[in-house]
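Hi,

Here is the structure I said I would pass on. Have a look first, and my notes follow below.

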Amino acid sequence: MEGLLALSRGIDRLSEFIGKWVSWLILVSILVSAGNAIIRKVFDMSSNAWLELQWYLFGAAFMLAAAHTLKQNEHIRIDIVYGMWSRRVQHWIDLIGHLFFLMPFVLLMVYMFVPYTLHSFQSGEGSTNSGGLIVWPAKAILLVGFSLLALQGISEIIKKIAIMRGDMEDPNPFVSAHEQAELEGKALAEEVRS
Amino acid sequence: MIAFIAQNMAPIMFASLIVFLLFGYPVAFSLAATGLAFFALGVELAPFSGGSINLSWPLLWALPENFYGNRVMSNDVLLAIPFFTFMGIVLERSGMAEDLLDTVGQLFGPIRGGLAYAVIFVGALLAATTGVVAASVIAMGLISLPIMLRYGYDRRVASGVIAASGTLAQIIPPSLVLIVLADQLGRSVGDMYAGAMIPGLVLTGLYMLYILTMSIIRPNSMPALPEEARTLGKGVLSLIAALLAAGVIGYAAYRYLEPAHGANADILAGSFAVIVIYIFAVADKTFGFNAMSRLAQQVVIVLIPPLALIFLVLGTIFLGIATPTEGGAMGAVGALIMAGFKRRLTLDVIKQALTSTTRLSSFVLFILIGARVFSLTFYGVNGHLWVEHLLVSLPGGELGFLIVVNILVFVLAFFLDFFELAFIIVPLLAPAADKLGIDLVWFGVLLGVNMQTSFMHPPFGFALFYLRSVAARVPYLDRITGKQIAPVTTGQIYWGAVPFVCIQVLMIGLTIAFPQMVMHYKGKTVDPSTIEIQVPELPGMGLSPLGAPDGGSTPTQPAGTDLSQPPNFGGDQPAQPAPSTPDLSKPPSFN
């Protein structure tokens, strides 16, 4: 178990590191997008490459952060029934979900995106818009995003089993969406007051 | 048995989805897993289905293209989600809402129910900069609620008006709900904004009307601010004079600009007048001319930043300068600049805003990804035909359909948030609505008002929880009067919301009864000259004034239905929707 937990910690650190840094891409995307509009109006110039860059950046942000979001237990659930179960049952639901809902999907996606990306890379596929960006990096982002998610899935399964066996503390105790809203509200209020 | 399952795959699949979602595993992956499981089942059972299942393994390879393509990743419209989210978070840290509530509260305070009007007015104004329900409700709960309690407002009225005004962010453009709905309905965001504008303002008016009525029926439930609480003094006349002056300047500018700029002259002239009056107020304050009263000065100065942001976000869209996505980006930059000027912009604020934005984008886009997997299979088992058949055969035709769908969404919104509704339910409803000849922008606005209601509907509404988090739970000593103030109970918050939920239902009815409120988006006055000028300026942009599909940024359409043509309403269909209508351009304070 120790070895597995070490593996899990390694994966967690990787996801966290990537998840934190990619959020800056959103700021870059905002600046690019605002710049596009202004330059088009003022200089009457427009470039498809810069227009495409907006969503390349955003795509990288949300795809590469998905693993971190999973780690933080932030992918939203419908907790109306889930919230009524005991914590033990919730753990089982999570574990079964990781094993039979999450993993098959992300592994299938990794399996499909490898040839899909490779093909685009080898053919040097360009954008369908004239003057647009080369396509394979965007497809590679999807591949990397699903791969990270698969890794994070493994880490979550390890942690879930460890938690259920009592080998570790639960890092994400259950908080219902409404309790979460109240907590967020409180935090925000604190900040406004200060 | 096998044949029965094979021929009824669609209902079985949908029922399974509901069960799986209720288990409580994250929605995104439950959707994807249901889609994949039924894909495999469908391929196996296809021979027994009598042709109702069109699935085969090679079809699965549509998924990568599906995610990369312009429904998910290369989708310009959805880019607006992070932009507006980021803008909203930066704004909530900038203290703009607090300044507005303070000043507008002083302006309206002296009349009966004044603080309630101020909350509604500020709620609408914040909603028009960008929509974050949590931020609005919390600001109001912190600033306005204690003042209302101090001077003896009825607790239910006070909490109800705050929760409801905060949710205006959901329906007044630019709001994420409208963007996501436009995307899923295959309509342009610009049209959706134009369509939602009047209903949003009417709704704001209805809230005010309710307060007016209550202030007549039960005057004690909302007293005016006493003399000693009016810290900015008097001087409303001065403000009226300033507004009149701005109006005159604006009108003069309009007459001057109209020959050259046509339909856009109103927005430009309005902006010009606002700038002039702002410079005047700042100069008056800085150099101490005392030409304006302090109240007038302060009102003008705090109102300008939000008005400028509204111009950046909405004005640029209606002028045809920016796409709605770029409008969001400009608004985000504007919010950063404003927070910078107020010395509220730190690296920490930016980091936090980016982290929250990334988290939200990630879970929202993954719900969309999951929904794409689900719908690949669902269409393959003719699920769309099943739903369409179910909905089109409802009694009562168009009206029956709208009533049933609205009740359905109203109930579902207790459990699902608007992203889930928009990605899972709306694509199923849209083809049926289209088939019945319902204009999808009108339909979208209706759904928008409906989903807004779920934010204030006890006991699930999120606005109520945000208010609960800032309203006092224990008795406290008021800072100013030194009197003991009783806490606000959860029951009072719930009951306070009830009249506003009723207003919402009334509003849904009004929107169904008077589609013209939305339909004006098609444009009464089409000025060919402006359209010809604008088209070359927007190469490759999805939301050109023509609304024409093009490039990689075409608004998406539910597969299998051609939604690219607006349904024909009446005989003469206008050739193009005009980019703007006159009413939308004027900042609220000038009306």
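**Salt bridges and a buried serine**

Arg40(A) is buried, with a relative accessible area of 4%. Keep in mind as you read on that this is a predicted model.

The side chain of Arg40(A) meets that of Glu326(B) in a salt bridge, at 2.7 Å from N to O. Glu326(B) sits in helix H15 (residues 324–341) of chain B and Arg40(A) in helix H1 of chain A, so this pair joins two chains. Glu326(B) is buried too, its relative accessible area being 1%.

Helix H1 (residues 2–43) of chain A also holds both Lys20(A) and Glu16(A), four residues apart, or about one turn of the helix. Their side chains form a salt bridge as well, 3.2 Å from N to O. Here Lys20(A) counts as partly exposed because its relative accessibility is 49%, and Glu16(A), at 26%, also counts as partly exposed.

Over all chains, a search of the whole structure turns up 20 salt bridges. In chain A, a network of them links Asp12(A), Glu156(A) and Lys159(A). In chain B, Arg93(B) pairs with Glu92(B), with 3.5 Å between the closest N and O atoms, and both of these residues are buried.

One more residue to look at is Ser49(B), in the chain B loop between helix H3 (27–45) and helix H4 (62–68). Ser49(B) counts as buried because its relative accessibility is 2%, which is under the 20% cut-off. Its side chain reaches the backbone nitrogen of Ile53(B) at 3.2 Å. Leaving aside residues up to four places away in sequence, Ser49(B) touches Ala6(B) and Gln7(B).

Cheers

Key:
Residues numbered from 1 in each chain as written. Chains lettered and ligands numbered in written order. Predicted model: local features only at pLDDT ≥ 70, side-chain atom pairs only at ≥ 80, totals over all residues. Heavy atoms only, no water. Buried < 20%, exposed > 50% of the residue type's maximum accessible area, 1.4 Å probe, protein only. Polar contact = N/O pair within 3.5 Å; in protein donor to acceptor, adjacent residues only side chain to side chain. Contact = heavy atoms within 4.5 Å. Salt bridge = Lys/Arg side-chain N within 4 Å of Asp/Glu carboxyl O.
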